[in-house]
Amino acid sequence: MKAVNALILERMGSPVPLIPKLAKYLVEAGGKRVRPLVTIAAANMIGYTGDAHLKLAAAVEFIHTATLLHDDVVDESDLRRGRKAANLVWGNAPSVLVGDFLFARAFMLMVDAGSMDALHSLSRASSIIAEGEVRQLAVKGDIDATVGSYMEIIEAKTAALFASAAEVSAIVAGRPAEEIAALDTYGRELGLAFQLVDDALDYGGLAQSLGKNTGDDFREGKVTLPVVLALKKSGQADKQFWARVMAEGEQTEADFETALELLHRHDALKATLAMAEDKARTAQQALSVFPDNKWKTALSDLAEFVVQRAS
């Protein structure tokens, strides 16, 4: 990961000063680096000895960072990773354009990795992410959303990149189709678990005290899984509340607390986290085709870590 981080800093370079300045602001804000970590751990698990996985891991992080820059503009977010969102510091136009720059850098790294199949995997994931984000925008405030439609959205906007991040190491290592498919499944299920937990954490998870950045999805009118599940059990009065705060966007200061009460009353957060645990277990089971080693254990442990964040 040190090598990947060095590569990220190197490829952020540009003679246009604003580009590395803005990109560095977001990259150095931290983040869990889970996606590139999956690429590196998968390569080590299968015994890959080249260096293409380092370029692909950096490309994965650039794709992710580019989508964050674009998302913050679309969502009009105030915070990203605990800091003021880049678009509030530099403006929307620079954020969108630097996001475009990072996408371009990602594709240069993919080409440098020297694998057309890996390039196809990550470029396809990038396209699917964009489709997922547009689909989510189209259903913003839709209180008729179903579990199935929401799962399709998060499979596109989150799980697709996790799946590609996992499988590209097996692709460049020339591993059999069975192993590539197993890592694709691992990454996809891990990504679904990751997003489901994030959905729960936006309402505080199961913790007694809420974190500082809770409520973003609520304020933005995003009908995430906890809300979908609560709506399934809601009476007419509760549905009118969700229609006002989500579909109509009319919210008061007290509405978030009301939403929390409804989610807990209908066990929507518990059900969301239970689904995340199921996805994490499926991810772990996908690793069964690989021989036991410390990297396989690390990937399995990562699936557990992802769901434990909300407890």
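This is a predicted model: local features need pLDDT of at least 70, side-chain atom pairs count only at pLDDT 80 or more; totals for chains, interfaces and linings use all residues.
Which helix is Thr158 found in? Thr158 is found in helix H8.

Thr158 counts as buried, because its relative accessibility is 5%, and the cut-off for buried is under 20%. For a sense of distance, take Thr158 and Ala173. They are 15 residues apart along the chain, and their C-alpha atoms are separated by 25 Å.

Now the packing of H8. Two packed helices are described by the angle between their axes and the distance between the axes. Helix H8 covers residues 147-172 and helix H9 covers residues 177-201. The two pack at an angle of about 140°, and their axes are 7 Å apart. That angle makes H8 oblique to H9. Roughly antiparallel would need an angle over 145 degrees. As for handedness, H8 and H9 cross in the right-handed sense. If you sort the residues of this contact by class, there are 17 nonpolar, four polar and six charged.

Next, the aromatic rings. How many aromatic pairs does the structure hold? The structure holds four, and I will go through two of them. A pair of aromatic rings is described by the distance of the centres and the angle of the planes.

Phe162 sits in helix H8 and Phe194 in helix H9, so the pair links distant parts of the chain, 32 residues apart. Are these two residues buried or exposed? Both Phe162 and Phe194 are buried.

Phe194 also has charges over its ring. The charged end of Arg35 sits over the ring of Phe194, at 5.3 Å from the centre. Arg309 lies over the face of Phe194 as well, 4.4 Å from the ring centre.

The cut-off for stacked is under 30 degrees. Again the pair links distant parts of the chain: Tyr203 is in the loop between H9 and helix H10 (216-219), and Phe256 is in helix H13 (residues 255-265), 53 residues apart. Tyr203 counts as buried because its relative accessibility is 0%. Phe256 is buried too, with a relative accessible area of 11%. Tyr203, Phe218 and Phe256 together form one aromatic cluster.

Staying with the loop between H9 and H10, there are two glycines to mention. Gly204 lies in this loop and is buried, with a relative accessible area of 9%. Gly204 and Leu260 are 56 residues apart in sequence, while their C-alpha atoms are 8.8 Å apart in space. Gly215 lies in the loop between H9 and H10 as well. Gly215 counts as buried, at 0% relative accessibility.

Moving on to H13 and what packs on it. Helix H12, residues 236-247, packs with H13 at an angle of about 135°, and the axes are 11 Å apart. That makes H12 oblique to H13. What is the handedness of the crossing where H12 passes H13? The crossing is left-handed.

Most residues other than glycine have a negative phi. Asp267 is not a glycine, yet has a positive phi of about 55°. Asp267 is placed in the loop between H13 and H14. Asp267 is partly exposed, with a relative accessible area of 38%.

Asp278 counts as partly exposed, because its relative accessibility is 40%. Asp278 and Leu97 are 181 residues apart in sequence, and C-alpha to C-alpha they are 38 Å apart in space.

That is what I have for today.

Conventions:
Residues are numbered from 1 along each chain as its sequence is written. Side-chain values use heavy atoms; hydrogens and water are left out. Axes are lines fitted to C-alpha atoms, for helices over the stretch in contact, and angles run from 0 to 180 degrees between N-to-C directions. Helices (H or I, at least four residues) and strands (E, at least two) are DSSP runs, numbered from the N terminus. Angles under 35 degrees count as roughly parallel, over 145 as roughly antiparallel, 65 to 115 as roughly perpendicular and the rest as oblique. A crossing is left-handed if the near helix is turned anticlockwise from the far one by less than a right angle, and right-handed if clockwise. Ala, Val, Leu, Ile, Met, Phe, Trp, Tyr, Cys and Pro count as nonpolar, Asp, Glu, Lys and Arg as charged, and the others, Gly among them, as polar. Rings of Phe, Tyr and Trp (its six-membered ring) pair if their centres lie within 6.5 Å; planes under 30 degrees apart count as stacked, over 60 as edge-to-face and the rest as tilted. Buried means under 20% relative accessible area, exposed over 50%, partly exposed in between (1.4 Å probe, protein chains only). A charge sits over a ring if NZ of Lys or CZ of Arg is within 6 Å of the ring centre and within 35 degrees of the ring normal.
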